[in-house]
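Please have the sequence and the model at hand.

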Protein chains: 2
Amino acid sequence: MKKTTTTKETDISTEEKIRNAARKVFHSKGFAATRTRDIAEEAGMNLALLNYYFRSKEKLFALVMQETMQTFIQSIKVIFNDESLSLEAKVELLAGNYIEFLGANPDLPIFMLSEMRRDPSVLAGKLGLKEIVLHSHFMQQFQQGIKAEQIRPMHPFHLVMNIVGLTVFPFIAAPMLKTVGDLPDAAFTELMQERKALIPLWVKAILKA
Amino acid sequence: MKKTTTTKETDISTEEKIRNAARKVFHSKGFAATRTRDIAEEAGMNLALLNYYFRSKEKLFALVMQETMQTFIQSIKVIFNDESLSLEAKVELLAGNYIEFLGANPDLPIFMLSEMRRDPSVLAGKLGLKEIVLHSHFMQQFQQGIKAEQIRPMHPFHLVMNIVGLTVFPFIAAPMLKTVGDLPDAAFTELMQERKALIPLWVKAILKA
DNA sequence: AATTTGTTTAATCAAATGATTAAATATTTT
DNA sequence: AAAATATTTAATCATTTGATTAAACAAATT
């Protein structure tokens with residue numbers, strides 16, 4: 001072996017270089033448009049290494065996808081179940097965190113959503129997510145609010161779609177806004193910063209509408 | 001020629017069969033994942049015909065894309081500028097029409113948004129859209145509402161992103177909702193029907209928030 | 001009917017692409 | 001240091017895929 005015992009441990013293993021490169025390219029171009037040679041080049045190494053470390057393009061992709069989903073789901077789980085936060089505070093955190101995160105990973109939403117459509121089996125085994133979301137502390141607070149007549153009754157999925165839609169959709173539509181709307185990157189970023197504060201207000205208004 | 005002068009005019013020309021097949025396959029799989037053979041098969045004809053009628057996969061795709069954008073933009077333009085409608089009525093029509101339309105063409109949003117990211121030049125020449133939207137009757141009503149202090153001041157793009165996001169995002173997220181949320185098709189459709197009425201209420205609430 | 005023009009098919013090409021192999025090089029173990 | 005094991009490279013395969021071609025077929029024109 002080379003990696004583990006080199007004098008400096010600062011260098012990243014070849015395997016990890018490939019994973020990182022694969023993540024980057026897959027996220028930006030999707031499975032079908034990505035060529036294994038793109039990944040090799042991005043990682044700065046020989047094509048054969050991809051197949052040496054990971055058996056095939058499919059396997060490598062599955063790994064990246066699994067990792068991506070993991071990150072995504074974990075971050076939801078944590079906020080949805082923080083019992084120290086009010087419903088409003090959770091929405092604030094969700095919007096703020098996600099807008100921050102998507103600012104750094106703007107390709108993620110389209111990647112996840114289009115690859116899910118291509119092959120919904122990526123989600124197999126993630127069925128737990130339904131329970132995580134629907135039985136979360138967040139949902140308890142929501143149902144409680146309805147009982148207390150402080151919140152207009154609605155299907156919980158509406159609420160989830162609204163929060164996620166208001167937060168994520170602008171990033172999906174960004175190419176269009178920037179081109180058609182003639183919106184410079186900086187202006188887009190600023191709008192997104194504004195939304196960190198606005199989305200919680202809007203969600204509150206929606207809940208009472 | 002065969003098509004134009006056959007006894008019955010009910011039959012569709014070969015060219016149109018190909019266009020229809022191409023639209024269907026491109027919309028569902030995107031450019032990169034679509035093979036010209038898929039289209040030929042879907043159209044029930046020889047592969048060489050694609051290249052006979054349309055010069056290449058790229059040309060055929062460009063045509064489909066142009067058609068798709070055209071439809072999309074036209075439908076926006078009409079509603080945004082119907083001077084007989086109040087702002088609320090416009091939102092109702094937009095939500096209602098789009099939910100209806102997307103129910104029949106659920107692949108469209110991801111298709112458009114991901115292909116736009118792949119090559120934003122599809123939008124070249126559509127820069128007029130900015131003016132259409134920002135100088136529409138709808139926007140005049142919006143600005144008027146702000147002046148009259150009936151609407152909380154906000155960047156017009158926020159409003160557009162909210163309306164479109166609330167309407168379109170659920171269709172983009174549908175694969176996830178159906179799989180992870182364990183939501184049957186019928187239940188999803190019902191939720192979307194509910195949203196026809198709910199989105200206008202929510203938007204109204206957002207405008208005043 | 002004969003000719004010309006347009007349409008369709010089957011076969012084939014060339015380039016792109018995922019994958020493999022055998023040899024070279026480096027690292028670890030003995 | 002020698003042997004064994006792990007990593008990397010360059011060359012090559014096999015398949016897929018977009019595209020073309022030459023010939024067959026059909027329709028329109030003369």
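In this predicted model, A:Lys90 is buried yet has no salt bridge, and the nearest side chain of opposite charge, A:Asp82, is 6.1 Å away. Buried means under 20% relative accessible area, with exposed over 50% and partly exposed in between (1.4 Å probe, protein chains only). A salt bridge requires a side-chain nitrogen of Lys or Arg within 4 Å of a carboxyl oxygen of Asp or Glu. For opposite charge, Lys and Arg count as positive and Asp and Glu as negative, while His and the chain ends are not counted.

A:Lys90 does have a polar atom of its side chain 3.1 Å from the backbone oxygen of A:Asp82. The lysine belongs to helix H5 (residues 87-104) of chain A. Beyond neighbours within four places in sequence, the residues in contact with A:Lys90 (heavy atoms within 4.5 Å) include A:Phe80, A:Leu85, A:His137 and A:Gln141.

Chain A as a whole has eleven helices and zero strands; helices (H or I, at least four residues) and strands (E, at least two) are DSSP runs, numbered from the N terminus. Its C-alpha trace spans about 65 × 40 × 35 Å along the principal axes. Of the 209 residues in chain A, 46% are buried. Among its contacts between residues at least 6 apart in sequence, 65% join residues at least 24 apart.

The contact between the two chains is summarised below.

| Item | Value |
|---|---|
| Residues from chain A | 50 residues |
| Residues from chain B | 50 residues |
| Area buried between chain A and chain B | about 4700 Å² |
| Share of that area on carbon and sulfur atoms | 77% |

Buried area is the accessible area (1.4 Å probe) that two parts lose on being put together, summed over both. In chain A, the residues losing the most area to chain B are A:Arg117, A:Met161 and A:Phe169, together 15% of what that side buries.

Two salt bridges are found across the interface of chain A and chain B. In a salt bridge with an N to O distance of 3.5 Å, the side chain of A:Asp107 meets that of B:Arg117. Helices of chain A that each supply at least two residues to the side touching chain B include H1 (14-33), H9 (156-172) and H11 (185-208). H9(A) gives the largest share of that side, eleven residues.

Residues are numbered from 1 along each chain as its sequence is written, and chains are lettered from A and ligands numbered from 1 in the order in which they are written. Local features need pLDDT of at least 70, side-chain atom pairs count only at pLDDT 80 or more, totals for chains, interfaces and linings use all residues, and side-chain values use heavy atoms, with hydrogens and water left out.

Terms used
Polar contact = N/O pair within 3.5 Å; in protein donor to acceptor, adjacent residues only side chain to side chain.
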